[in-house]
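I opened my notebook beside the viewer and jotted down what I looked up, entry by entry. Follow along with the structure if you like.

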Amino acid sequence: MVATEPRLVALPQSHRLAAHDRIDFADLLDEPFLALPSSAGPLRDYWLAVDERGGRPAVIGAEVSSTEETYEALVNADGVVLLATGNAPLVAHDGVVTRPVTGVSPCEIALAWRRDDNRPLVRGYVEACAQATATAR
């Protein structure tokens with residue numbers, strides 16, 4: 001694992017919960033969510049927090065495949081979306097706010113690569129991550 005960071009919720013600035021400093025995940029269960037396409041499989045489920053809904057299905061407001069689509073769907077009030085803290089600046093622009101979410105697990109960022117991939121850029125990135133995580137511990 002390279003890092004752990006809290007998940008945030010991004011929502012339209014006009015949303016009823018946008019004025020809160022923190023939002024409990026239970027308050028989002030009936031909200032429409034922006035979702036990755038079904039082809040994303042477990043990644044879609046993870047960002048919908050399927051395992052943390054107590055069996056309640058996610059309401060899908062729209063499917064999105066890119067940061068730009070996510071931002072546009074948020075501005076259009078098509079739904080809300082969970083995202084990693086580090087990704088907040090990608091969508092938190094005019095008309096969109098992000099808030100910390102309680103009651104949902106943080107995201108864990110991992111690094112995977114093919115062991116036989118000896119390209120200098122890949123090896124350098126792997127070594128940099130190993131050094132950074134060793135320093136952080």
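This is a predicted model: local features need pLDDT of at least 70, side-chain atom pairs count only at pLDDT 80 or more; totals for chains, interfaces and linings use all residues.

**Entry 1: Glu 31**

Next I looked for a partner for its side chain. The side chains of Glu 31 and His 15 are joined by a polar contact of 2.8 Å. Not counting residues up to four places away in sequence, I noted that Glu 31 touches His 15, Arg 16, Val 59 and Val 80.

**Entry 2: the whole chain**

I stepped back for an overview. I counted four helices and eight strands in the chain. Reading along the sequence, I wrote down the pattern β-β-β-β-α-β-α-β-α-β-β-α. The C-alpha atoms fill a box of roughly 50 × 35 × 30 Å along the principal axes. Of the 137 residues, 34% count as buried. I also looked at contacts between residues at least 6 apart in sequence, and 71% of these join residues at least 24 apart.

**Entry 3: Arg 7**

Arg 7 sits in strand β2 (residues 7–12). Its relative accessible area is 2%, so I logged Arg 7 as buried. What does the side chain of Arg 7 reach at 2.8 Å? One end point is the backbone oxygen of Tyr 46, at 2.8 Å. The backbone oxygen of Ser 105 is also reached by the side chain of Arg 7, at 2.8 Å. Leaving aside neighbours within four places in sequence, I listed the contacts of Arg 7, among them Trp 47, Ala 49, Glu 52, Leu 82, Val 101 and Cys 107.

Ala 49, one of the residues in contact with Arg 7, got its own check. I placed Ala 49 in the loop between α1 and β5 (59–63). Its phi is positive, near 55 degrees, though the residue is not a glycine. I made a note of this because most residues other than glycine have a negative phi. With a relative accessible area of 2%, Ala 49 is buried.

Ala 77 also has a positive phi, of about 60 degrees, and is not a glycine. I found Ala 77 in the loop between α2 and β6. At 49% relative accessibility, Ala 77 counts as partly exposed.

**Entry 4: helix α2**

Which residues of helix α2 (residues 67–75) are buried? I got Thr 70, Tyr 71, Ala 73 and Leu 74. Seen down the axis of α2, these fall within an arc of 165 degrees, so they line one face of the helix. I then looked for what covers the buried residues of α2, and the cover includes β2, β4 (32–35), β6 (81–84), α3 (88–91) and β7 (96–102).

**Entry 5: the cores**

The largest nonpolar core has 17 residues. Those with the most contacts inside this core are Val 9, Leu 11, Phe 25, Leu 28, Phe 33, Leu 82 and Val 101. β2, β4 and β7 each supply at least two residues of the core. I zoomed in on Leu 28 and, leaving aside neighbours within four places in sequence, found contacts with Val 9, Leu 17, Ile 23, Phe 33 and Val 101. Apart from this core lies another, of 13 residues, with Leu 8, Val 64, Ala 73 and Val 81 among them.

**Entry 6: the largest pocket**

How much space lies in the largest pocket? I noted about 350 Å³. Its lining has 19 residues, and Leu 36, Thr 70, Val 81, Leu 82 and Leu 83 lie nearest the centre. Two or more lining residues come from each of β4, α1 (42–47), α2, β6 and α3. The largest share, four residues, comes from β6.

**Entry 7: His 93**

My last stop was His 93, in the loop between α3 and β7. At 42% relative accessibility, His 93 counts as partly exposed.

Conventions. Residues are numbered from 1 along each chain as its sequence is written. Side-chain values use heavy atoms; hydrogens and water are left out. Buried means under 20% relative accessible area, exposed over 50%, partly exposed in between (1.4 Å probe, protein chains only). A polar contact is a pair of N or O atoms within 3.5 Å; within protein, one must be able to donate a hydrogen and the other to accept it, and residues adjacent in sequence count only if both atoms are side-chain atoms. Contact means heavy atoms within 4.5 Å. The arc is that of the directions from the helix axis to the C-beta atoms. A nonpolar core is a set of buried Ala, Val, Leu, Ile, Met, Phe, Trp, Tyr and Cys residues joined through side-chain atoms within 4.5 Å. On a 1 Å grid over the protein atoms alone, a cavity is a set of points where a 1.4 Å probe fits but cannot get out, and a pocket is an open set with protein on both sides within 12 Å along at least five of seven lines; lining residues have an atom within 4 Å of a point. Grid points are joined across faces, edges and corners, and a volume is the space filled by probe spheres set on the points.
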